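Biologist: Could you walk me through this model and tell me what stands behind each label you use?

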Amino acid sequence: MKRSIFQIVGLLLLLPLFSGCNDSDDLQGIFTGKTWKLTYINLKDKGGWMNGFSEKSIKILNENQESYTITFTGTEEDGAVKGRIITADLTGTWSANGKNNEFHASVTNVNENDDLAKEFIKGLNNASSYIGDDNGLFLYYNPAGSQQTYVLAFHVQR
């Protein structure tokens with residue numbers, strides 16, 4: 001009887017070994033089912049806006065809830081992205097890898113002359129990695145010819 005109890009307890013203790021951990025991000029939980037609104041663009045590990053964007057651009061971003069937004073749809077690892085900058089819509093595709101946090105997007109080059117809009121498109125098209133959860137998303141990119149890493153920071157539009 002004692003031996004049977006020890007065997008049962010031993011099997012129960014081994015159960016966690018067979019149920020393995022998942023060290024991959026929930027990509028659908030992070031990307032899909034919500035609209036992301038741009039919060040700022042800056043160098044990696046710096047908050048707030050980097051210098052160079054016009055006050056007019058930032059004012060448009062802050063006052064117009066529809067501007068500088070993106071929405072991801074699709075499967076767990078890739079799909080379509082659509083969004084709005086100022087007066088133009090953008091469309092494209094995206095893919096992500098939840099194990100190593102790689103991210104890639106390809107969006108149409110919309111006809112916006114605004115400096116912030118151009119950087120927004122450049123950031124999306126050059127993004128190579130992400131960090132995110134249900135409330136915040138950071139897309140990291142290195143523009144061609146630059147040794148520095150920049151970040152597009154987003155929050156969920158409410």
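Biologist: Which residues does Phe-120 touch, not counting residues up to four places away in sequence?

Modeller: Phe-120 touches Leu-38, Ile-41, Tyr-68, Ile-70, Ile-85, Leu-90, Leu-152 and Phe-154. A contact here means heavy atoms within 4.5 Å. Before we go on: this is a predicted model, where local features need pLDDT of at least 70 and side-chain atom pairs count only at pLDDT 80 or more, while totals for chains, interfaces and linings use all residues. Residues are numbered from 1 along each chain as its sequence is written, and side-chain values use heavy atoms, with hydrogens and water left out.

Biologist: What makes a group of residues a nonpolar core?

Modeller: The members must be buried Ala, Val, Leu, Ile, Met, Phe, Trp, Tyr and Cys residues, joined through side-chain atoms within 4.5 Å. The largest such core has 38 residues, and Phe-31, Phe-103 and Phe-120 have the most contacts inside it. Helix H4 (residues 115-126) gives the most to this core, with five residues.

Biologist: Why is Ser-57 called buried?

Modeller: Buried means under 20% relative accessible area, with exposed over 50% and partly exposed in between (1.4 Å probe, protein chains only). Ser-57 has 0% relative accessibility, so Ser-57 counts as buried. This serine lies in helix H3 (residues 55-63) and touches Asp-114, Asp-115 and Leu-116, leaving out residues up to four places away in sequence.

Biologist: How do you know that the side chains of Ser-57 and Ser-54 make a polar contact?

Modeller: A polar contact is a pair of N or O atoms within 3.5 Å; within protein, one must be able to donate a hydrogen and the other to accept it, and residues adjacent in sequence count only if both atoms are side-chain atoms. The side chains of Ser-57 and Ser-54 are joined by a polar contact of 2.8 Å.

Biologist: Why is Ser-67 called buried?

Modeller: The relative accessible area of Ser-67 is 0%, so the label is buried. Ser-67 is in the loop between H3 and strand S2 (69-74). A polar atom of the Ser-67 side chain lies 3.3 Å from the backbone oxygen of Ile-60. Apart from residues up to four places away in sequence, Ser-67 touches Lys-37, Ile-60, Leu-61, Arg-84, Ile-85 and Ile-86.

Biologist: And why does Asn-42 count as buried?

Modeller: Asn-42 has a relative accessible area of 6%, so Asn-42 is buried. Asn-42 sits in strand S1 (residues 35-43), and a polar atom of the Asn-42 side chain lies 2.8 Å from the backbone oxygen of Gly-48. The C-alpha atoms of Asn-42 and Ala-153 are separated by 8.4 Å, although the two are 111 residues apart along the chain.

Biologist: What makes a stretch of chain a helix or a strand?

Modeller: Both are DSSP runs, numbered from the N terminus: helices are H or I with at least four residues, strands are E with at least two. The chain has four helices and eight strands, and the elements run α-α-β-α-β-β-β-β-α-β-β-β from the N terminus on.

Biologist: How do you know that S3 and S4 pair?

Modeller: Two strands pair if DSSP finds at least two bridges between them. Strand S3 (residues 78-84) and S4 run antiparallel and are joined by seven bridges, with Val-81 standing opposite Gly-92 in S4. A hairpin of four residues connects S3 to S4. S4 also pairs with strand S5 (residues 102-107), in the antiparallel sense over six bridges, and Ser-95 stands opposite His-104 in S5.

Biologist: Which residues make up the covered and uncovered faces of S4?

Modeller: In strand S4 (residues 89-97), Leu-90, Gly-92, Trp-94 and Ala-96 form the covered face, and Asp-89, Thr-91, Thr-93, Ser-95 and Asn-97 the uncovered one. In a regular strand the side chains alternate between the two faces of the sheet.

Biologist: What about S6 and S7; how many bridges join them?

Modeller: Strand S6 (residues 127-132) and S7 run antiparallel, joined by five bridges. Gly-132 has Leu-137 as its bridge partner in S7, and a hairpin of three residues connects the strands.
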